[in-house]
Amino acid sequence: MSQRRKRWIGVVITLLSLMAISLPVARKHAERLAVDPDKAPPQVQISNQTRKLLQQRSKIVIPDAEIGFRLPPGLDQHVETDDFEFRRQTDSRGFPNRGGWPEKADIVFLGDSLIAGEGVGVDGAFVTLVGDELPGVAAVNLAMPGAGLERQYRILRRYGIGLKPALVVACFYVASDLTNDTQFLQWLDDSKGKDYNAYRLSYSRRNEDRPKSSLIRRLQGHVYYDLALSIIEPKLWGDRRIIHRKDMPDGTEILFNRKMVQFAREKFSGSEPEFDNFRASLDRLQAEV
């Protein structure tokens with residue numbers, strides 16, 4: 001028997017054992033989940049929120065051959081999920097700014113959905129709050145969901161340079177934007193007939209290493225799997241311990257995406273293709289500025 005097969009058999013046995021141990025607790029959680037979605041495991045709540053946001057946004061994005069996609073201009077959309085609601089608004093060019101398009105900007109901000117203010121709206125977005133603290137300084141937000149440095153460079157080239165900014169601030173969320181850039185560059189090379197938004201949303205599924213019918217994948221796709229992990233992982237030790245939720249002193253509850261936690265613990269040499277892409281895009285962005 002090959003080492004690979006032995007390893008997978010060991011993983012299956014371990015998972016089944018852990019799930020059997022936690023089954024009584026998992027059943028109790030499942031009963032609560034049926035009554036209140038907020039009782040779902042943190043990973044399930046995060047996945048549900050992400051899926052709902054993507055579904056609503058995917059219906060309105062406009063395919064764009066240069067920057068992948070953009071939001072429609074003059075958008076005023078009410079967005080509601082299980083956990084929060086906000087108004088998604090755009091200016092005359094499709095970016096999250098108040099009012100019309102300026103002739104000049106002192107500061108141009110680039111970034112992904114975090115900088116665009118997804119979840120809090122234009123009034124609560126980082127760029128708006130910074131602008132409010134700087135009277136007389138015109139700050140323009142050119143953030144776009146899913147935009148790593150390569151897309152930011154192209155957005156700046158088309159929309160930002162004409163504003164003649166004195167300062168350009170490019171914001172980069174490492175946990176997702178490295179992947180975003182990799183996907184975007186591959187799409188530019190071979191889009192396979194898909195618009196970029198559809199391409200990136202199906203990327204993980206199309207590039208899945210495991211067989212789609214594998215037992216492991218089916219187990220991982222079941223709510224009991226997330227229930228078991230949410231019970232077991234916080235009780236482990238060392239790097240195996242992953243906190244799924246934490247109550248803060250002000251009463252706020254933080255949910256942790258376990259995949260992001262695992263990513264943060266990975267060791268990188270800096271020579272991976274993702275970092276080569278990052279450096280190349282950064283060089284282009286700096287040269288344009």
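## Salt bridges

The count comes to 14 salt bridges, a salt bridge being a side-chain nitrogen of Lys or Arg within 4 Å of a carboxyl oxygen of Asp or Glu. The model is predicted: local features need pLDDT of at least 70 and side-chain atom pairs pLDDT 80 or more, while totals for chains, interfaces and linings use all residues. Residues are numbered from 1 along each chain as its sequence is written, and side-chain values use heavy atoms, without hydrogens and water.

A network of salt bridges links Asp 64, Glu 66, Arg 70, Arg 157 and Arg 158. Within it, the closest N and O atoms of Asp 64 and Arg 70 are 3.3 Å apart. Asp 64 is buried, at 9% relative accessible area, whereas Arg 70 is partly exposed, at 24% (buried means under 20%, exposed over 50%, partly exposed in between, with a 1.4 Å probe and protein chains only).

## Surroundings of His 244

His 244 counts as buried, at 5% relative accessibility. Its side chain makes a polar contact of 2.7 Å with the side chain of Glu 233 (a pair of N or O atoms within 3.5 Å; within protein, one must be able to donate a hydrogen and the other to accept it, and residues adjacent in sequence count only if both atoms are side-chain atoms).

Glu 233 also forms a salt bridge with Arg 258, with the closest N and O atoms 2.4 Å apart. Both partners are buried: Glu 233 has a relative accessible area of 7%, and Arg 258 one of 12%. Beyond neighbours within four places in sequence, the residues in contact with His 244 (heavy atoms within 4.5 Å) include Pro 42, Leu 229 and Arg 258.
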